[in-house]
Amino acid sequence: MAEVMLEKVSKKFGSVVAVDNVNLNIKDGEFLVLLGPSGCGKTTTLRLIAGLEELTSGNIYIGNKIVNNVPPKDRNIAMVFQNYALYPHMNVYQNISFGLTMRKVPKDVIDKKVKEVSGMLGLESLLYRKPKELSGGQKQRTALARAIVRDPKVFLMDEPLSNLDAKLRVQTRGELIRLHERLGVTTIYVTHDQTEAMTLGDRVVVMNKGLIQQIGTPKGVYNKPVNKFVAGFIGTPPMNFIDAEISEKNGDLYLSNKDIGIKLTKEQSIKVHKVKLSNNNVIFGVRAKDFYLEKEISTDEKAAMQEIIVTIDFVELMGSETFIHFRINDALCVARMSANEDYAMGAKLDIFVDISKINVFGKETENAIL
Ligand SMILES: Nc1ncnc2c1ncn2[C@@H]1O[C@H](COP(=O)(O)OP(=O)(O)OP(=O)(O)O)[C@@H](O)[C@H]1O
Ligand SMILES: [Mg+2]
């Protein structure tokens, strides 16, 4: 079993709280992604699990055994770094086999393992090259091979793809997914790239300022963000945020400001009533994909949508789609629209919002109400 458990884990550097009371249960064989902006404590969390940093408080368990005082080399984990950290004077074969050589594994066993892993990662023809004779992607695959060959119980990966160009990153992402399917090793993967997190993770942990904001499946955190931070961090383009108020008229609740008046559904109203708001100020959040043109929706669908007339600020042609920028209640907004239409700057556009997809956050708490 290679479950990893963090129990009330904190790490302070002087007065900086890098990791703040983190509780996390990573299942055996799971691919878990730690996602968050620069400085939120992702690397520190990994280094604590690896034993490269000392805990300020809390406990870490690997395979049900407390490892607080176990040195890194005895934790049976392998770490892959952003900068590959290959030995420059050794060739690919020597880099991959270094850990095994140090552990005095017999030569023929090492040779078999290196051949197997280099085959898995397409490195067979590169085994006698030095790192400086490799491309970025080949270096990263060598670093991965070096981690895999040790048969660790847990892989820790810190932004392993960030030095690769966009195309290679997508390709290597695919390789990582296949490797995980094949090896099934518990993996904790750090990134600040939400696309990477969404495509790789069984579950995603969103962090900010040392604190866990939300843990969930990629779909879960995308569809039901618990607060404005998560909503804004996950998804491209980022969610639109518009100041609004909750108001009541004839027993119905409305989300309104000078440009909109959206009547909430019964279920939504019940949810809003449940939250004891200290005032009526909220933030209306809507994703670019949840705006529609009238011709794209049926009459039935229209009944569940709110019409908004906007003035087009500017238009971005993306090829397969077009981003339309406009303002609602002075907030800059973007809608993802069909590329088959022509849109003119300054023109009025009639758009429809799917009411069931809207998000509402408390203005002060920034926590999700809807
Ligand atoms: N050795 C250290 N000494 C002092 N402060 C540190 C040390 N290591 C990290 N920190 C601080 O702890 C916080 C978390 O850092 P960490 O490296 O874990 O962030 P990160 O999420 O990995 O960021 P990035 O995406 O930029 O790599 C930051 O405020 C950082 O400045
Ligand atoms: Mg980092």
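Predicted model: local features only at pLDDT ≥ 70, side-chain atom pairs only at ≥ 80, totals over all residues.
Biologist: Is Cys-40 buried or exposed?
Modeller: Cys-40 has a relative accessible area of 1% and is therefore buried, given that buried means under 20%, exposed over 50% and partly exposed in between (1.4 Å probe, protein chains only).

Biologist: And how far is Cys-40 from Val-17?
Modeller: Cys-40 and Val-17 are separated by 23 residues in sequence, and their C-alpha atoms lie 9.6 Å apart in space.

Biologist: Zooming out, how many helices and strands does the protein have?
Modeller: The protein has 10 helices and 20 strands, and its C-alpha atoms fill a box of roughly 80 × 45 × 35 Å along the principal axes. Of the 370 residues in the protein, 47% are buried.

Biologist: Changing topic, how many aromatic pairs are there?
Modeller: Rings of Phe, Tyr and Trp (its six-membered ring) pair if their centres lie within 6.5 Å, and planes under 30 degrees apart count as stacked, over 60 as edge-to-face and the rest as tilted. By this rule there are six aromatic pairs. One of them joins Tyr-87 and Phe-98, whose ring centres are 4.8 Å apart and whose planes meet at 55°, so the pair is tilted.

Biologist: Which parts of the chain does that pair link?
Modeller: The pair links distant parts of the chain, with Tyr-87 in the loop between strand E6 (77-80) and helix H2 (92-102) and Phe-98 in helix H2, 11 residues apart. Tyr-87 is partly exposed at a relative accessible area of 31%, and Phe-98 is also partly exposed, at 26%.

Biologist: What about Phe-241 and Phe-361, what makes that pair edge-to-face?
Modeller: The ring centres of Phe-241 and Phe-361 are 5.9 Å apart and the planes stand at 70°, so the pair is edge-to-face. Phe-241 belongs to strand E11 (residues 240-249) and Phe-361 to strand E20 (residues 359-362), so the pair ties together parts that are 120 residues apart in sequence. Phe-361 is buried, with a relative accessible area of 0%, whereas Phe-241 is partly exposed at 23%.

Biologist: How are pocket and cavity defined?
Modeller: On a 1 Å grid over the protein atoms alone, a cavity is a set of points where a 1.4 Å probe fits but cannot get out, a pocket is an open set with protein on both sides within 12 Å along at least five of seven lines, and lining residues have an atom within 4 Å of a point. Points are joined across faces, edges and corners, and a volume is the space filled by probe spheres set on them.

Biologist: And which residues lie nearest the centre of the second largest pocket?
Modeller: Asn-223, Lys-224, Ser-356, Lys-357 and Ile-358 lie nearest the centre of the second largest pocket, which is lined by 19 residues and holds about 370 Å³ of space. Helix H7 (218-223) and helix H9 (266-274) are the elements that give two or more residues to the lining of this pocket, and H9 supplies the largest share, three residues. At least three lining residues come from each of domain 1 (4-233) and domain 2 (240-362), with bounds from an automatic or database domain assignment.

Biologist: How many cavities of 30 Å³ or more does the search find?
Modeller: The search of the whole structure finds one cavity of 30 Å³ or more, and the largest cavity has a volume of about 70 Å³. Its lining includes Phe-31, Ile-148, Phe-155, Met-157 and His-180. Strand E7 (154-158) and helix H5 (166-183) each supply at least two residues of that lining, with H5 giving the largest share, four residues.

How values were computed: Residues numbered from 1 in each chain as written. Chains lettered and ligands numbered in written order. Heavy atoms only, no water.
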